[in-house]
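Hi,

Here is the structure I promised to send over. Have a look first, and my notes follow below.

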Amino acid sequence: MTVQVTDSIDSIDWAQAKADLAADGFDNGRSPEALWRSFERSQHVAVAWDGHRVVGMARLLSDGICNAYLLDVWTLSSYRRRGIGSSMVRLLADRVPGQHIGLQTDGAEEFYTSLGFRPQPSFMGLVVGEWLDNEANRSEAI
């Protein structure tokens, strides 16, 4: 079967997606609903499908003018090195011409460099309160 990359989150089983992310060591603690909300509220999304199974996801936040932020780029381990991640990132980049795309990565520098990303001088972050302690992550109804 051929993997297809789309820009729709319709039909995703978010409980299964969370389970797959966790099994693949890519879960950051969001509930299935919070995972859905993260993607639903993003300006641009990419989803890789093998039939009815989600095998990759990525999303992009953008101000629509000059800055965008790429995050949650994941390809199921058994599907890696097939160009799926690259296809998702390119689909998202094509949605924001003329904008700077930033990202943070934990160990995938070579992958992003191959797509034209270059290291930036510094990255800083702040978590307000406790990580994922918010209303969006408490609710379970999708």
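Let me start with D24, whose side chain makes a polar contact with the side chain of S77 at 2.5 Å (a pair of N or O atoms within 3.5 Å, where one must be able to donate a hydrogen and the other to accept it; residues adjacent in sequence count only if both atoms are side-chain atoms). Bear in mind that this is a predicted model, where local features need pLDDT of at least 70, side-chain atom pairs count only at pLDDT 80 or more, and totals for chains, interfaces and linings use all residues. Numbering runs from 1 along each chain as its sequence is written, and side-chain values use heavy atoms, with hydrogens and water left out.

Is D24 buried or exposed? D24 counts as buried because its relative accessibility is 18% (buried is under 20% relative accessible area, exposed over 50%, partly exposed in between, with a 1.4 Å probe and protein chains only). Leaving out residues up to four places away in sequence, D24 touches W74, T75, L76, S77 and R80 (contact means heavy atoms within 4.5 Å).

D24 sits in the loop between α1 and α2 (helices are DSSP runs of H or I, at least four residues, and strands are runs of E, at least two, numbered from the N terminus). Those helices, residues 14-23 and 32-40, pack at about 100° with axes 8 Å apart (axes are lines fitted to C-alpha atoms, for helices over the stretch in contact, and angles run from 0 to 180 degrees between N-to-C directions). The contact is made by W14, A15, A17, K18 and L21 of α1 and P32, L35, W36 and F39 of α2.

Cheers
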